[in-house]
Amino acid sequence: MMKTKTNMRYIQLFIATAFWTLLTVSCDRDLPYPIDEVKKGVVIDIVRAPDSDGVLSAGVTDGDYKVSVSIPKQQGDYSMLDYAQLLCVFTDVDGKTTSKVIVDNIKEFPKDISIDIASVYQQFGKEAPTLGEIVYFTTNAVLKDGYTVYGWTEYSDFNNKLFTGWEVDGRAYSYNVRYPVACQLVLEEFVGPVVLNDFYDEYRAEIVKTSDTELEIHGVAEGEDPDGILKLTIDTSTHTVKVAKQIVAHGFVPWIGYNNLAYQATGTIDACKGTITLNGPLTVDEGSFGDQQMIISTNY
């Protein structure tokens with residue numbers, strides 16, 4: 001019994017000595033960078049302001065473009081920050097990316113910043129957006145000692161990606177705002193005969209414009225129900241679509257006993273191709289068919 005206790009003491013002493021040796025070696029080992037030159041940066045959140053435009057239209061520079069910047073509460077102390085800069089990161093149609101400071105000396109947080117797209121494009125030597133371009137906005141943090149923590153560089157790409165797990169105002173932390181260039185959206189171009197490719201088949205239908213943000217598709221479910229109308233609500237600022245749950249056929253496959261075929265969906269508009277793509281649950285009173293896609297095309 002005594003021998004066992006003695007052995008256990010030797011084992012414990014060995015483990016403790018090995019652990020201490022490991023700590024000593026780890027602390028004495030040179031780091032791959034000088035620790036005294038490490039800068040503490042400031043995490044700045046940037047998102048598109050509510051109700052502002054979310055895409056750029058080819059050939060058009062007007063519109064309501066606005067971003068909101070704030071410092072997440074998780075940052076804690078940011079007294080080392082002197083000011084922030086709004087940085088535009090521009091990718092042209094050939095994939096070449098460059099950047100320019102658009103707004104300087106931002107010292108107020110949170111803050112909404114309006115963006116003049118015409119002025120932005122002039123700084124890059126261009127007149128207006130072109131299809132295939134992508135415009136991002138991020139932030140630089142300029143510290144009180146004059147050091148700049150860049151939000152993007154051609155060598156390291158976007159900064160602060162590691163903080164996307166932070167929660168800001170009930171959403172994930174955002175380190176940039178993306179504006180793709182799309183064809184200008186004109187709802188009137190979707191009015192008239194269209195082809196629907198949906199859960200029924202491919203067939204003709206008709207689109208009617210009912211307001212500046214609403215379209216109606218008449219003849220859904222191949223028009224077998226006079227109430228087969230699908231109402232689309234369009235967000236013209238982001239080229240997105242919402243469909244509230246609607247019955248498109250009351251007596252769907254009546255010989256099987258299915259009733260009230262209904263569709264609910266979200267989707268996007270491709271103004272270049274003249275298509276609207278929807279995806280969402282297709283249901284009857286008796287159950288669900290799962291998510292189903294509907295493609296509406298003006299080109300046929």
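**Questions on a predicted model**

Author: Since this is a predicted model, let us start with a single residue. D51 is exposed, with a relative accessible area of 76%.

Reader: Where is D51 found, and what is its phi?

Author: D51 is found in the loop between β1 and β2, the latter covering residues 56-57. Although D51 is not a glycine, its phi is positive, at about 70 degrees.

Reader: A221 also has a positive phi in a residue other than glycine; is A221 buried or exposed?

Author: The loop between β16 and β17 is where A221 lies, and its phi is near 60 degrees. Buried means under 20% relative accessible area. With a relative accessible area of 0%, A221 is buried.

Reader: How many helices and strands does the secondary structure of the protein chain come to?

Author: The protein chain has 300 residues, of which 40% count as buried. Among its contacts with a separation of 6 or more, 54% are made by residues 24 or more positions apart. Its secondary structure comes to two helices and 21 strands.

Reader: Which strands run in the closed barrel?

Author: The barrel is closed and has eight strands, with antiparallel pairing. From one strand to the next the twist averages 30 degrees. The order in which the strands run is β14-β15-β16-β17-β18-β19-β20-β21.

Reader: In β15, which residue is the bridge partner of V194?

Author: Strand β14 spans residues 192-197 and strand β15 spans residues 202-211, and six bridges join these antiparallel strands. The bridge partner of V194 in β15 is A205.

Reader: How far apart are the C-alpha atoms of V195 and I296?

Author: V195 is found in strand β14 and is buried, with a relative accessible area of 12%. Leaving aside neighbours within four places in sequence, V195 is in contact with E202, Y203, R204, I295, I296, S297 and Y300. Although V195 and I296 are 101 residues apart along the chain, their C-alpha atoms are separated by 5.8 Å.

Reader: Which residues have the most contacts inside the largest nonpolar core?

Author: The largest nonpolar core has 33 residues. Strands β14, β15, β16, β17, β18, β19, β20 and β21 each supply at least two residues of this core. Those with the most contacts inside the core are I217, L230, L232, L278 and M294.

Reader: Why is strand β3 largely enclosed by the rest of the structure, and which residue in β6 does V67 stand opposite?

Author: Strand β3 covers residues 66-70, and because four of its five residues are buried, the strand is largely enclosed by the rest of the structure. Strand β1, residues 45-48, pairs with β3 in the antiparallel sense over four bridges, and here D45 stands opposite S70. Four bridges also join β3 to strand β6, residues 111-114, in an antiparallel arrangement. In β6, the residue opposite V67 is I113.

Reader: Which residue does a cis peptide bond join to P110?

Author: P110 is found in the loop between β5, residues 97-106, and β6. The cis peptide bond has an omega of about -10 degrees, and the residue it joins to P110 is F109.

Reader: How is the aromatic pair of Y258 and F289 classed?

Author: The structure holds nine aromatic pairs. Y258 and F289 have ring centres 5.8 Å apart and planes at 80 degrees; planes over 60 degrees apart count as edge-to-face, so this pair is edge-to-face. Y258 lies in the loop between β18 and β19 and F289 in strand β21, so the pair ties together parts that are 31 residues apart in sequence. In answer to the question, the class is edge-to-face.

Reader: Over the ring of which residue does the charged end of K100 sit?

Author: The charged end of K100 lies 5.9 Å from the centre of the ring in question. That ring belongs to F124.

Note on methods:
Residues numbered from 1 in each chain as written. Predicted model: local features only at pLDDT ≥ 70, side-chain atom pairs only at ≥ 80, totals over all residues. Heavy atoms only, no water. Pairing = 2+ DSSP bridges. Axes fitted to C-alpha atoms, helices over the stretch in contact; angles between N-to-C directions. Buried < 20%, exposed > 50% of the residue type's maximum accessible area, 1.4 Å probe, protein only. Core = buried A, V, L, I, M, F, W, Y, C linked by side-chain atoms within 4.5 Å. Phe/Tyr/Trp six-rings, centres within 6.5 Å; stacked < 30°, edge-to-face > 60°. Lys NZ or Arg CZ within 6 Å of the ring centre and 35° of its normal. Contact = heavy atoms within 4.5 Å.
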